[in-house]
Amino acid sequence: MKRLLLISIMCLLLLTGCSFNGNNNTAVVENKNANVSNNATDTTNNTSNVAQILVGVHNDYSTSLDNNSTPLQQTTPSQQIDLSSFTTKVLTSDPNRNNNIAITCSKLNEHIIKAGETFSFTGTVGQSTSSEGYEKANVFTADGDTIKGLGGGNCQISSTLYNAVLAVPGLTVVERHAHSQKVYYVPEGKDAAVAYGSVDFKFKNDLDYDIKILATSSPKEVTIKLIRV
C-alpha cells in the first residue's frame, strides 16, 4: 500500500513537472513569436521609412530640377538681327584724324533710331570742339580747298554710315551732300559730307521696328553695322 502511494506521488510530481516545462516552452515559443512579430513590425516600419526617404529624395530632386530650369528659360536672350555692315579703310596715319574718328564713333555707337524717326548725323554727334577732345585735321572747304579744322575725319564716318544705310530697304535718305573734292575711302558718288551748322546727313527709319548703329574704328579702318532691335 505504501509502495503504491509512493508510486502515485512520483507520477503526480512527474506530471506536474511536465506541465510546468510545457507551459514554459509555450511561453518561450510565444515570446519568440512575439519577437518575430515585432521584427516584422520593425521591418515594415523600416520599409515605410525607406519609402518616405525615397519619396523625399524624389521630391527634392524634382524641386531642384524645377528651380534649375526656370532661370534658364528666363535668361534666354533675344536675338539681334544684322541688317547691313560697311567698312572703309583709313588711308592716313594722322593721329589727330584718328583721334577724331574714335571720338565720333563712340558717340554714334549703340545709338537707336526708332521706327518712323529721322536720324541726323550732326544732331547726334554735335559740334566738334576741343572741349570734347577733338583736334585739328584736314577738312575740305566748300570751294575745294584743304584746311585744318576741328573734327577732321568725321566725313569718313558719315560716308561709311551712308553706305550701310543704302544697303537696307526701308531706310530713306533725306539729306546727303557730296564733297567738293574726290574722297578715296568710298566709291565715287557714295560719300556724305557733314559740317555742323551747314551740311548734314539724314535718313528716315521707315521700317516698322527700331534699328541700332554699331560704330567701331581702328587706325586701319572704320566699320558701321546696322542691326534690328
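Mentor: The account below begins with the basis of the model and then turns to the sheet and the helix.

This is a predicted model, in which local features need pLDDT of at least 70, side-chain atom pairs count only at pLDDT 80 or more, and totals for chains, interfaces and linings use all residues. Residues are numbered from 1 along each chain as its sequence is written, and side-chain values use heavy atoms, with hydrogens and water left out.

The sheet is open and is formed by 3 strands in the order β3-β7-β6, with antiparallel pairing. At its edges are β3 (118-120) and β6 (171-175), each of which pairs on one side only. From one strand to the next, the twist averages 30 degrees. Strands here are DSSP runs of E with at least two residues, helices are runs of H or I with at least four, and both are numbered from the N terminus. Two strands count as paired if DSSP finds at least two bridges between them. Strands of a sheet pair through backbone hydrogen bonds, either parallel or antiparallel.

Between β6 and β7 (residues 202-205), which run antiparallel, there are 4 bridges. One of the residues involved is L171, whose bridge partner in β7 is N205.

Helix α4 (residues 154-166) lies across β3, β6 and β7, and runs at about 140 degrees to β6. Contact means heavy atoms within 4.5 Å. Angles run from 0 to 180 degrees between N-to-C directions, and axes are lines fitted to C-alpha atoms, for helices over the stretch in contact.
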